[in-house]
Structure formats: C-alpha cells, structure tokens
Amino acid sequence: MVEVESALEALAQGYPSLCELVTLPEPSIEDRTSHALRIGTDSCNDGVLFTACAHAREWGGADICVYFAADLLAAYTAGTGLAYGGKSFSRHAIRSIVENLSVVVFPCVNPDGRAFDQQYDVLWRKNRNPAQAAGNPQRVGIDLNRNHDFLWNFRTTFDPAANPGTLASDDPASDIYHGPAPESEPEARNVKWLLDHHRFTRWYMDIHSYTGDLLYSWGDDTDQSDDPPMNFRNHAYDGQRGVEGGYAEYIPSSDLNVVSGTAQRVVNSINAVRGGHYEAKQSVFLQSNSTAVSYPTSGAVDDYSYSRHFADCTKGKVYAFTLEFGYPANDLRASFHPPWSEMEQIVSEIDAGMIEFCLAAAPAWKPPWEAAFRHLFPWQIWDPMAEIAEPVVRPIAERVLAGFGPR
Amino acid sequence: MAEAPELPERLEGSVRVADEEALGRLFKQPLDFGCRPSATPEPGGGFVVPVIGSPQALEELKQQEGFEVRVLERKPTRSSEVGEGDRFEGGKVLPRGFGRQILGGGDSG
C-alpha cells in the first residue's frame, strides 16, 4: 500500500507539467487517504478512467496501473513510442494520448482490504467495514463491486431464480455482500466522485483478476437493441431480470458496436504481446462461445458507470469495461498471485491493452470550440450549473430522446 | 506472518463437472469462485473450476450428484515474493515500467 502511494507521488513530482496527484475526498474506513494520478496536458480533454484493486486480493492491478502511468509519461517525455513484446505503439500514438486525453489512474480503490490481505494472506475480497458485522469478524466487509447504484436492490429488481451465487447478497458473511445501501462505502463513493468531478470522462476500465477476459456492457442480463422500453429503469420489469429468456437489457446498437468493437481491439493488442488468449465477452456471460452459463451481477461499477447517462441526462456517456487479467492456474491462490516472473508478463500485456484502450478513446476530431467551451465552464462550476439547468434541460432532452433511447 | 483474526476456516480446491448444465448448478452453490468463476475446459470434455469454501460447504457439494470435488491438502502460504519496504522511497524514486521505448513507428498510431 505504501509503495502505491509512493509511486504516484514520485510520478507526480517527476513529471509536474504532465500529471497531477488527485486526492480522493473520502478516507477509507480505516482512515487511509487514497490518491489517483491524472495524466494529460489538458484536464478538459475527454477523459479515460482506470481503477484497480476494488477486490483486495487482486493485488496485481495496482502494479499494472503504476507501470502503465510510468511508461506513458517516460515515453512522452523522451519523444518515443512504446513496445511490449510483439505489440508496439508509435510516438504519435503516445503523444495523442497525453495531448488529447485526460487519463486518470486510480490503482488501489480498496486500500484497507488490500492491506489486510497482504498482512494475513486470506484471499480477502471485500473492504474492511465492520459496521454490519455486529462484532463478528466473519461478517466484516462489503463487496465494493456490488455496492454501486445500479439495480442494487436485487431482491426486487431481479428474478428470485437469478443466480444467487453471483448476483449479490444481503448477508454480511457473504463475499458478495452488497452493503446496507447503494454507495454506502467511502471507497465506492470515491470512484463515483471521480466520474462526477472529471465530467468529461467518456471511457472507463475497472481492472480485476483473473480469467483473461475483457467484459463489456451489460452485466445484469443479455443485451438487446430492439426494445428500448425494456431497460433497467423500467419497474414493470422488476422481478424478471437475470434469468434466461424474457427480459433483456437495452443497449443502443451503435453503443453495442462501440463496446464490442473496442473490447476486441484491446484484446487483440493484449494478445499480440506474447500470443495470449484473452477474450472479449459481454459481461453477463462466462463463455464467449456459449450463452449457456450466465453470471448476472447487481451493483457492479461497470454497469453503474454506463447506466449514469440513461438515469440522468446531465451525466455524460461513459463506455465502461471490466478487465480480468491473468489466467487460471491450478488453484485460486496461484491464480490471484502469480509468480513475479509471470506478473511481469501480465503487466506488459495489460499495459499494452490500456494504451490501445486510450487510442480507441482518443477523439479522431475535436471541434475547435470545444476546448474553449470546456475551459469557460470547468467542472468546478459545471456541477452547480448542472443542478440549476437540470430541471429545464431534462424535460427537453427527454422529449428529444423519446423513441431513441430507453425510457 | 500474523494469524488472521478469527476468520472462518476456508479450504481451497477444485470441482470437476461434466457439462454446462452441471456448471450452471455449481455456480449457484455458496462457494467463492474468485472474482468471476473460471471454468477451464478439459480435453476429454467437462470443466474444472477452482473454488474456496467452508469444509461443510465442500463436504455437502461432494454429496451432490455431478460434482467431483478435490480439496487441496496444503495450508495457504503467502507468496515469498511479497516484498517489504518501499521501492519508491516515499516518492523519491521514479517507477519504471516494462515497455521498451522505440524510435520507429509502431503497429498502432
């Protein structure tokens, strides 16, 4: 944990004109203050957010993030490109990321859980909030990737037959306990804060381990693009989600093309590093070649991030993904904590994927007035403005969108 | 390494199932399958899934049809490669990634 903070501080001090340390507003339950690093010459550019270590035992995510930032900043400063095994990126590619995007890297979302797992080696997943434990150490902690405000109340929003082993749990002893309320946890609220306050964030990758997958929306049910009213906001479908047949989650076909295409593009880059076999999948399915085995989730951060612009038209659209780095070994412990020689290879693979992800996010063309407009209305004043404008803008926007998007 | 405070006993192991139907049933069990379950196809058919569970949960699983449970005998040990200290000395030492800086054009961009 100390090293992650030191690494971010070193990068911020080493490249003061290219990046800045971002202090997350809420300390963890055990009073640890977290930091992220924002990279880019203009904070008003379109944003890309990377987070990792929401699940405590998935240690390597922090290394992946730190070394990605280190490579990007060093290559830009040296005026070079970057190569990882069999995959390379030109100096123009590196320059376009730093100059046309605002990249935020948050390497350790769950510092308490990470510190606990490193100390006791118990493959801990959740945070360390004891509030719901009633003094029982077996009931400590909330799964931060079930704590977000997307179909959080799984008891009413999903079919009772939906998979209880994956969806979420209201039992504090469970590894997928979703907490007493959506975004009840400071660590989850820190991620929400990054999305709220870096208003031009358009792309997001949450890094987990392990299955060698890059997952795209949605994670609650099968995707469909034909029936806009069939969507997560429509209470008429409560109690029907997460099972085969019937309900399916609406995603505009244009968005589905973007997320599935981007996922495949990133996976191709990852696999080019050393001939890997990562796969792009819709989040709800475990296998890319079969829809027989599903893994519906409630309250996951990727679905929450992509859902925000549907739920609140003042929020920007964020294409959100979950990356599961590494491959299954013979047992869970070896899968979560591969030997460092293997982890070095994984870092190279995923860092190449992260650069490709940024290139996919970098706008091909920016309207000349956009930068001026965004500087005139930076996020610090945009939030209050949005609150004032929202009652006026929302009805107009919803009328315009009627028939085109989910209701 | 310190002992973890009063945590429940959890065993690591793997479960072999014959087909996707059994896989679907397995994922409804009260077990820890990792971040997302991982089902590795076997050459002769079927899948192997790493799991963590209480001794009771794994024992109950053994009694159910279609699940071949193997429990790892060894006790968990922390990776010897987990370092101590701070390689970046409180922000004084710059991290270096694993990418090679190149002068020519790349595959992308």
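These questions and answers walk through a predicted model of chains A and B.

User: What makes S7(A) a strand that is largely enclosed by the rest of the structure?

Analyst: Count its buried residues. A residue is buried if 20 or more other C-beta atoms lie within 10 Å of its own. In strand S7 (residues 201-209) of chain A, 8 of the 9 residues are buried, so the strand is largely enclosed.

User: How do you know that S7(A) pairs with S3(A)?

Analyst: Pairing needs at least two bridges. Strand S3 (residues 46-52) of chain A and S7(A) share 6 bridges, so they count as paired. The sense is parallel. One pair to look for is Leu49(A), which stands opposite Tyr204(A) in S7(A).

User: How many bridges join S7(A) to S14(A), and in which sense do these strands run?

Analyst: There are 7 bridges between S7(A) and strand S14 (residues 319-325) of chain A, and the two run parallel. At least two bridges are needed, so this is a pair as well. Here His208(A) stands opposite Glu324(A) in S14(A).

User: What is the order of the strands in the open sheet of chain A?

Analyst: The order is S1-S2-S6-S3-S7-S14-S8-S11, which makes 8 strands with mixed pairing.

User: Why is one side of S1(A) and of S11(A) left without a neighbour in the sheet?

Analyst: Strand S1 (19-23) and strand S11 (279-282) of chain A stand at the edges. Each has a single partner strand, so one side of each has no neighbour in the sheet.

User: How much are neighbouring strands of this sheet turned against each other?

Analyst: The average is 20°, with direction ignored.

User: How do you know that S3(A) pairs with S6(A)?

Analyst: Again, count bridges. S3(A) and strand S6 (residues 101-106) of chain A are joined by 6, and at least two are needed, so they pair. They run parallel. Thr51(A) stands opposite Phe106(A) in S6(A).

User: Which helices pack on the sheet, and which strands do they touch?

Analyst: Helix H6 (residues 186-197) of chain A packs on the sheet and touches strand S2 (35-39), S3, S6 and S7 of chain A. The direction of H6(A) makes about 170° with that of S3(A). Helix H8 (residues 301-311) of chain A also packs on the sheet, touching S7 and S14 of chain A. The direction of H8(A) makes about 165° with that of S14(A).

User: How many residues does each chain bring to the contact?

Analyst: Chain B brings 55 residues and chain A brings 68. In chain B, strand S1 (11-17), helix H1 (20-26), strand S3 (47-53) and strand S5 (100-102) each supply at least two residues of the side that touches chain A. That side of chain B holds 24 nonpolar, 16 polar and 15 charged residues.

User: What makes S4(A) and S5(B) a pair of strands?

Analyst: Strand S4 (residues 81-84) of chain A and S5(B) are joined by 3 bridges, and at least two are needed, so they pair. They run antiparallel. The bridge partner of Gly81(A) in S5(B) is Ile102(B).

User: Which elements make up chain B, and in what order do they run?

Analyst: Chain B has 2 helices and 5 strands. From the N terminus on, they run β-α-β-β-α-β-β. Of its 109 residues, 29% count as buried.

User: What pLDDT does chain B average?

Analyst: The average is 84, and 83% of the residues score at least 70. Among the elements of chain B, S5(B) has the highest mean pLDDT (97) and strand S2 (residues 40-41) of chain B the lowest (88). The model scores ipTM 0.88 and pTM 0.92.

Terms used. Residues are numbered from 1 along each chain as its sequence is written. Chains are lettered from A and ligands numbered from 1 in the order in which they are written. This is a predicted model: local features need pLDDT of at least 70, side-chain atom pairs count only at pLDDT 80 or more; totals for chains, interfaces and linings use all residues. Two residues are in contact if their C-beta atoms, placed from the backbone, lie within 7 Å. Helices (H or I, at least four residues) and strands (E, at least two) are DSSP runs, numbered from the N terminus. Ala, Val, Leu, Ile, Met, Phe, Trp, Tyr, Cys and Pro count as nonpolar, Asp, Glu, Lys and Arg as charged, and the others, Gly among them, as polar. A residue is buried if 20 or more other C-beta atoms lie within 10 Å of its own, exposed if 12 or fewer, and partly exposed in between; C-beta atoms are placed from the backbone. Axes are lines fitted to C-alpha atoms, for helices over the stretch in contact, and angles run from 0 to 180 degrees between N-to-C directions. pLDDT is the predictor's confidence in each residue, from 0 to 100.
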